[in-house]
Amino acid sequence: MSENVVHLHKPTDPPTGDGAPTVLTVVPDAPPARPMPLWVRSGRAIKSGVTHERTKTIVRATARHSLYTLNGGRIVARRAWDGRTGSRYERMIRAAEAAGNLEAAEEWEERLQRFRAARHHRRMDLLHSPVEAAKGVAVGAGMSVGVLVALGVVLAISTGEVADVVTPLSATIDFIALLIRIVQIVWGPALTIGPFLALLALWSVGRKQHAAPAWALPANVRSGEGEPITPSIVVKALRDLGIPALRKAIQEMGDAGASMLSPIVIAGCGVEVDVTLPSGVSTEEVQKRRKKLAENLTRHEHEVFITIPTAARTVRLWIADSGALDEPIGPSPLVTDETLTANYKTGKAPWGQDLRGDAAQLSLYQRHLLVTGLSNQGKTASLRALALWLALDRSVQFWIADLKGIGDWAMFDGIAEVLIEGPSDEHVIQATEMVEDAVEEMNRRIEERRRDPSIAFPPLIVLVDEAQLAFMCPVKGEDGRPYGGSKATSRYFMAVRKIHNQGRAVDVLMWQGTQDPTDQNLPKLVREGAHTRASLVLGTESQARMALGDKAVDGGAAPHLLRQGLDKGTLVVASDGITIPAGQASITVRTHFIDDEPAAEIAARAKALRDGVTTLRVVEQTEERDALADVAAVIGDAPRLRTNEVLKRLHALAPKVYGDQWTNDRLKSLLEEHGEEPKKSHGVMVVHRDHVLRALANRDADGSASAAK
C-alpha cells in the first residue's frame with residue numbers, strides 16, 4: 001500500500017488579511033499502472049524482430065542465394081536441353097511465324113533439319129563405336145607393350161643385364177598402381193565435396209543472371225538506376241506494361257519476344273530501339289503508358305520518349321541514360337564563335353541539340369514562326385536566339401513589339417527599325433498598327449513584284465513577343481473595331497492572317513511568341529498559319545494539340561509531359577525547316593541559353609555589320625501636349641460644354657494622347673489641380689470657358705513669378 005504524500009498548495013484566492021495560513025492538502029499517490037499482459041509484450045517483441053531491417057536483410061539474403069542455386073540449375077538444365085535437342089530452333093521458328101516473317105521461319109526450319117541430320121549420324125556412329133573402340137584399345141595396348149619391351153631390350157644391351165628387359169614395363173606398372181592409389185585416396189573426399197562444388201557452380205550461374213525475384217536482390221541491383229538497356233530489359237518492360245494482348249503474345253513467342261526488337265543503337269545520350277508490336281496491340285496503348293514503361297525500364301518519365309515511325313504497328317523508343325537530360329548542353333555557337341555569320345536564304349540557325357546529341361539547326365527562310373509554352377520556361381530566350389542569329393545577316397530587317405516590356409529585346413535598339421516595349425493597351429495598339437503597317441508593306445511589295453517579277457526584297461521579320469496580350473486586348477478603335485479578339489473585326493487578328501496568307505511570297509514573315517495557348521489568346525487560324533511551330537512545356541494535351549497540331553501529337557509529340565521548371569528551354573518542334581528523323585512528325589530540341597550580356601555582345605557584332613539603323617522606339621507616348629490649353633482650345637468660343645463633349649473633342653484633337661484612358665474623372669482632376677472644377681448646369685456636368693481661361697492665367701502667372709524668383 002502506497003504512502004500518502006503531503007503537498008503544500010497555496011490557496012486559489014488570495015487571503016483578505018495578512019498572515020493567512022497556508023493550506024495543507026494531503027493528496028494520495030496515483031495507483032501504479034497495470035503491467036502489460038505477457039501476450040501483448042510478446043507480440044510486440046515478435047513484430048519488432050520480424051520487421052527489423054536486419055531481419056529483412058537476412059531473409060532477403062537467404063532467399064536470394066537459395067534461389068540463385070535453384071534457378072541456376074534450371075538455367076543449366078535449359079542450356080543442356082537446348083544443346084541436345086532442337087528446341088532452340090523450334091522457338092525461333094515460332095517467333096518468326098508470330099512476327100509474320102516466313103522467310104526467317106523457313107531458314108530456321110532448314111537449320112533444324114540440318115541439326116537433326118547431324119544428330120542422327122552421330123547416333124549411328126555410336127552403334128559401331130564399341131567394337132571399334134575395343135579394337136583400338138587392343139591395338140594400342142599391344143603397341144604400348146611392344147614399345148616398352150623394345151625399350152627394355154635396348155636398355156639391357158646397354159647395361160649388359162638381361163633383367164633390364166622388363167624394367168620399363170615394370171616401371172609403367174608401378175606408375176599405374178600409384179595412380180590407382182591416389183584415386184583411391186582422393187575418391188572419398190571427392191564424393192563428399194563434389195556435390196558442394198556442383199551447387200557452387202549452379203549458384204554462380206544464377207548470380208550472374210540475377211535469377212531471383214526483385215525483392216530479394218541487393219539494393220543496388222534492385223533499384224536498377226542507370227542500368228544499361230538490353231533486349232531482355234526492354235521486352236520485360238513491355239511484358240509488364242499491363243496490356244493483356246501484348247503479355248500473352250510475348251509469352252507465346254519462342255524467343256520470349258526478342259524478335260519484336262530492332263538492334264539497340266546508341267543515340268546521343270541514350271539508346272534507340274524500334275518495337276514491332278504483335279497483332280491486336282495498338283501503338284496508342286503503348287503511348288498512353290509512357291510513365292509505366294519508363295518505370296519498368298528503371299528510368300524517369302521524362303527520360304523515355306515514344307514516337308511513331310512509318311512502319312505499321314511500330315513504336316520507336318528513345319531511352320536516355322540515367323540523369324543525362326539534367327546535364328547542360330553547353331553554350332551557343334553564337335557565343336563561342338565570334339566569326340559566325342548568318343544567311344537568311346541558305347543558312348540554318350544553331351538552336352540547340354536534339355536528344356541524340358546532334359546539333360539542331362533551323363532554317364528560317366520564308367517560314368512563319370510560332371513559339372508557345374507556359375510562363376517563365378524559356379520562350380523569349382529561344383525566340384531571341386533565332387533573331388540574334390538572323391541579325392548577323394545585314395539584309396534582314398526587324399520590326400519588334402515586346403509586349404512584356406522588361407528589356408528582353410533592348411539589345412535590338414540599333415538593329416530593329418521599330419521597337420515597341422511595354423504591356424499596356426497603348427503598346428498593344430502600337431503593336432497592332434505595326435503589324436498593319438507590315439501588311440501595307442507586303443501589299444506594296446506584291447504590286448512591285450507584279451510589275452517586275454525579278455525584283456528582290458530584303459526580308460522583313462515582324463516579331464511580336466507575348467502576343468496573347470494583343471489577342472486579348474479589349475480596346476476598340478475609332479471605327480469601333482476591336483484591336484484584339486479572334487473575329488473578322490479584330491484588327492490584330494486580321495493583320496496577322498493577311499501576312500500568313502501572302503507575306504511569304506515577298507519575304508514578310510510573322511514571328512510570334514505566346515503563353516499558355518487557348519482558343520481565346522491564340523486563334524486556330526493564326527496558329528495553323530505558322531510553318532514552324534514549337535512548344536515548351538504545357539499543361540494539357542489539348543494545349544499541345546493547339547500548339548503543334550493533331551498530327552504531331554498523334555505522332556508522339558508531348559510537350560505537356562515535359563517537366564515544368566526542370567525542362568526550361570526544351571522545345572518540341574514541328575517544322576520542315578529542321579531535320580526530323582524519318583517517320584516522325586516532330587523533334588525535341590534542348591535550346592542553347594544566351595543570357596542578356598552575351599546577347600548584347602552578339603547584337604553589337606550585328607550592328608557592326610550594318611550601316612546604322614535608327615530605331616523608332618515607342619515605349620511611351622511620343623507626343624507631349626498641354627492638356628489645359630487643349631481643353632481651352634476645344635471649348636473655343638462656347639461659354640460652356642458638357643464634359644462628355646469636351647472628351648470627344650480632345651480625342652479628335654489627339655487620339656493617341658487622349659484615348660480611352662481619358663475619362664470624366666481625369667478631366668475633373670486636371671481642372672481641380674488648377675483651382676477649378678466642372679460645375680453642374682441643369683443636372684449635367686459642364687466645363688465653363690471662363691473657368692478654364694482663369695486657370696490658364698493663374699498657371700502662367702505662377703510660372704512667371706517662379707521664373708522671376
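This is a predicted model: local features need pLDDT of at least 70, side-chain atom pairs count only at pLDDT 80 or more; totals for chains, interfaces and linings use all residues.
Local features need pLDDT of at least 70 and side-chain atom pairs count only at pLDDT 80 or more, while totals for chains, interfaces and linings use all residues. Residues are numbered from 1 along each chain as its sequence is written, and side-chain values use heavy atoms, with hydrogens and water left out.

**Overall**

The chain has 23 helices and 20 strands. Both are DSSP runs numbered from the N terminus: helices are H or I with at least four residues, strands are E with at least two. Of the 709 residues, 40% are buried. Buried means under 20% relative accessible area, exposed over 50%, and partly exposed in between (1.4 Å probe, protein chains only). The chain exposes about 39,600 Å². Carbon and sulfur atoms supply 56% of that area. Areas come from the Shrake-Rupley method with a 1.4 Å probe; for residues, only the protein chains shown count as cover. Among contacts between residues at least 6 apart in sequence, 64% join residues at least 24 apart. A contact means heavy atoms within 4.5 Å.

**Nonpolar cores**

A nonpolar core is a set of buried Ala, Val, Leu, Ile, Met, Phe, Trp, Tyr and Cys residues joined through side-chain atoms within 4.5 Å. The largest one holds 45 residues. Within this core, L388, L390, F398, F412 and W511 touch the most other members. Helix α12 (residues 379-391) gives the most to this core, with eight residues. A second, separate core has 36 residues, including V439, A470, V496 and M510.

What does W511 touch? Beyond four places away in sequence, its partners include L383, L386, A387 and L390. I461, V462, L463 and V464 are also among them.

**Helix pairs**

Axes are lines fitted to C-alpha atoms, for helices over the stretch in contact, and angles run from 0 to 180 degrees between N-to-C directions.

| Pair | Angle | Axis separation |
|---|---|---|
| α1 (residues 38-51) and α2 (residues 53-84) | about 55 degrees | 5 Å |
| α20 (residues 627-635) and α22 (residues 664-673) | about 110 degrees | 10 Å |

Angles under 35 degrees count as roughly parallel, over 145 as roughly antiparallel, 65 to 115 as roughly perpendicular and the rest as oblique. Helix α1 is therefore oblique to α2. Helices α20 and α22 are roughly perpendicular to each other.

The contact residues can be sorted by class. Ala, Val, Leu, Ile, Met, Phe, Trp, Tyr, Cys and Pro count as nonpolar; Asp, Glu, Lys and Arg as charged; the others, Gly among them, as polar. In the second pair, A627, L628 and V631 of α20 meet L667, L670 and L671 of α22. Here the count is six nonpolar, no polar and no charged.

L293 sits in helix α10 (residues 290-296). Its relative accessible area is 0%, so L293 is buried. Leaving aside neighbours within four places in sequence, L293 contacts A237, L238, L241, V286, I306 and L317. Its C-alpha atom is 9.6 Å from that of G242, 51 residues apart along the chain.

S586 lies in the loop between β15 (570-574) and β16 (587-591). S586 counts as buried because its relative accessibility is 6%. Beyond four places away in sequence, S586 touches A552, A557, V572, V573 and I580.

P309 lies in the loop between β5 (304-307) and β6 (314-320). Its relative accessibility is 8%, so P309 is buried. P309 and A585 are 276 residues apart in sequence and 8.6 Å apart in space, C-alpha to C-alpha.
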